[in-house]
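Grab a pencil and work through a few exercises on the structure below. Each task comes with a solution that goes step by step.

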Amino acid sequence: MIQPLYALVFGEVAVILILLFRTPLRKPLLILLDRLKQGRGPVVASTAGGTLFIIMVSILFNINSIQNRSVEGGGVNPTDQVLLAFHLLEASLLGFALFLALMIDRIHYYIKEVRMLRKHLEAVKRLDQKPEDVKSREKGKSKALEEED
C-alpha cells in the first residue's frame, strides 16, 4: 500500500505546483476541478477522504498497540520495530495525502475567487470610465456653447 500512497502524494504535489504557477496545464486543470465539484463529485470526494481518514485512524491504533506491546514485554522486538516503522510511514503518507487534498481544494477556491474579483473590478472600472467620458463630453459641449455666446 506504500507505492500507491507515494503516487498519490506526488500526484497531489504536481497538481498543487500546476495550480500555483501559470502554466499551459493550469486552465484545463481548473476546468477539470470545476467539473469534479459538480454533481456527485463532492459526495464521492468526501466519502473517499473519510475512508482514508478512517484507515489512518486504524493505522494509528495499530501503532499504539505495538508500542503498548513493547512496553509490556520489557523490550522491543525487531519484528515490532519493522511493523512500527511501516505503520508510521503509512500513517504519515495518508495524513500528508489528506492535507494536500485539502490544499488543492483551497487553492482552487482562491483562484476562482480571485478570477471573480478581477472580473468585478474590471466591470466597476468600465462603469467609472463611462460617466467620466460623458462628463468630459458635456464639459466640451458647455465650453463650445460658452465660446459661441
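## Exercise 1: the second largest pocket

The largest share of this pocket's lining, 5 residues, is supplied by α2. Before going on, note that this is a predicted model, where local features need pLDDT of at least 70, side-chain atom pairs count only at pLDDT 80 or more, and totals for chains, interfaces and linings use all residues. Residues are numbered from 1 along each chain as its sequence is written, and side-chain values use heavy atoms, with hydrogens and water left out.

**Task.** Describe the second largest pocket: its volume, its lining residues and their classes.

**Solution.** 

Step 1. On a 1 Å grid over the protein atoms alone, a pocket is an open set of points where a 1.4 Å probe fits, with protein on both sides within 12 Å along at least five of seven lines; lining residues have an atom within 4 Å of a point. Volume is the space filled by probe spheres set on the points, which are joined across faces, edges and corners.

Step 2. The second largest pocket comes to about 260 Å³.

Step 3. Go along its lining: Arg22, Arg26, Lys27, Leu30, Ile31, Asp34, Ile111, Val114, Arg115 and Arg118. At least two of the lining residues come from each of α2 and α4. Helices here are DSSP runs (H or I, at least four residues), numbered from the N terminus.

Step 4. Sort them by class: 6 are charged, 4 nonpolar and none polar. For this sorting, Ala, Val, Leu, Ile, Met, Phe, Trp, Tyr, Cys and Pro are nonpolar, Asp, Glu, Lys and Arg are charged, and the others, Gly among them, are polar.

## Exercise 2: the largest pocket

**Task.** Which helices supply at least two residues each to the lining of the largest pocket, and which gives the most?

**Solution.** 

Step 1. Start with the space itself, about 760 Å³.

Step 2. Look at the middle: of the 24 lining residues, Ala45, Ser46, Ala101, Ile104 and Asp105 lie nearest the centre.

Step 3. Check the helices. α1 (2-20), α2 (26-36), α3 (41-73) and α4 (78-148) each supply at least two lining residues, and α3 gives the most, with 8.

Step 4. Finish with the classes: 16 nonpolar, 5 polar and 3 charged residues make up this lining.

## Exercise 3: salt bridges

**Task.** How many salt bridges does the whole structure have?

**Solution.** 

Step 1. A salt bridge is a side-chain nitrogen of Lys or Arg within 4 Å of a carboxyl oxygen of Asp or Glu. A search of the whole structure turns up 5.

Step 2. Lys37, Asp105 and Arg106 are linked in a salt-bridge network.

Step 3. Glu122, at 43%, is partly exposed, a class that runs between buried (under 20%) and exposed.

Key:
Buried means under 20% relative accessible area, exposed over 50%, partly exposed in between (1.4 Å probe, protein chains only).
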